[in-house]
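Please follow the structure below through a sheet and a helix residue.

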Amino acid sequence: MLLRYLFVFLLSVSVSAYAQESESDLSLTQLLDKAFNYHPSIKSNKVLLSSAEKGLESAKWQYFPTPSVSVSRIDASKDDPSYPGDEKVVKLGFNQVLWAGGRIDAGLEKAQAQFNIRQFSVLIAKRELATKVIGSYSVWYSSYLKRKAFSASKTEHESLQKRIERRIGQGLSSGSDLSLVNSRLLQVSANLNSAITQHQSALLQLEELVGESLDEVLLVKAVVDDYAVSGDKAVLLKQALKIDPNLKNLLEKVKEANSTYKEVRSNLSPVLNLRFERQWGNHTTANADTENRVFLDLSSSFGAGLSVLSNMQSAKLEKHSILLDFETQKNTITQQFESDWIAYQSLSKQKKLLNDALVAAQKIQQSWYRQFLAGRKQWQDVMNSIREVAQLESQIADAIAESLLISWRLAVRIKGVNAI
């Protein structure tokens, strides 16, 4: 019994630890999952997908017989020669379409295409939402890095301000030196305030997209880098075009237009129906026996005037328009992919150059500060070196955020929104 209690306790502890670990994961991938589970745009498209699924089920039922029941009761005078029979007549029937010129097949194809369109619409909505989340995340990360950089720069300027105040008291610096330090400090404070505002705004946007409050400490703890995008550009572009939901959506719309054309064309053909009917009672014969009947019905309905031909031409033109949209969309995706690819390669080099420049600037700052203390450099030189370091860190923050944004955007295009 003791061992059983011990096992249950250890199991509950492990489950609790796992839950806490899961809750503390606020990586970009986790944020995307939260957004997909919460956002109304995804839920709306999923509802439409369920509706299309019911439409597909209905189209499949068209191959089955159609039952019918009718009950009629008449109250006629005894002298009425038209209704001398029974007052109540009941008919039970089943109607089976034997041939409809391809109308039922076309209806099923159309319903299947509409279902597929709704499926790809969900993926399109997910991709658009993912792009927004990635964009807000990159802005949040950039502003976080800028806030750190300008905060450190402000601290260094404040330290320099105190040193200048002491030097003024010792008669080694003038009041104009302090004014210049104060001016620089105000500039840094303004940059810091801008970064803080941008940071808060980006965090609010993220919270709006995922539908819950986010712990910034956990966000920083799980911060992500670029998505590793490598391989031959032509191969990756081919893969991106192959899985793109917008292109697949348009191809399904072409199928839908083809099905519409087939449906309209089927109106030029007659419909052959087989009908079974059983009747109880007869208005013209009193106490009539139960009757069983079989009907073979051939009928057609061409519509008003030449409307069938006009509708067929309309379906053809719609298909042609969709194919043109497909080519336009394909060219747009290709251009966007190639532009992102070039930008990603360029940013990789730019980040390295900026980091090298930052290391050099930090060394210069440290060297000039030592020389300032030794009297071989002016305090303006120290301030300029501090500002240069902060500016480089700000540029690096922008480059990191832009590279993160583009790499994850490329990953969404290459692997699909459900695979990242």
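Helices (H or I, at least four residues) and strands (E, at least two) are DSSP runs, numbered from the N terminus. This is a predicted model, in which local features need pLDDT of at least 70 and side-chain atom pairs count only at pLDDT 80 or more, while totals for chains, interfaces and linings use all residues. Residues are numbered from 1 along each chain as its sequence is written, and side-chain values use heavy atoms, with hydrogens and water left out.

Helix α4 spans residues 103-169 and contains Q161. This residue is buried, at a relative accessible area of 17%; buried means under 20%, exposed over 50% and partly exposed in between, with a 1.4 Å probe and protein chains only. Leaving aside residues up to four places away in sequence, Q161 touches L178, V181, N182 and L185, where contact means heavy atoms within 4.5 Å. With N182, the side chain of Q161 also makes a side-chain polar contact at 2.4 Å. A polar contact is a pair of N or O atoms within 3.5 Å; within protein, one must be able to donate a hydrogen and the other to accept it, and residues adjacent in sequence count only if both atoms are side-chain atoms.

The strands form an open sheet of four in the order β1-β2-β3-β4, with antiparallel pairing. β1 (66-73) and β4 stand at the edges with a single partner strand each, so one side of each has no neighbour in the sheet. Two strands pair if DSSP finds at least two bridges between them. Strand β2 (residues 88-99) pairs with β3 (residues 271-280) over nine bridges, and V97 stands opposite N273 in β3. β3 also pairs over nine bridges with β4 (residues 291-299), where V294 is the bridge partner of F276 and L298 stands opposite L272.
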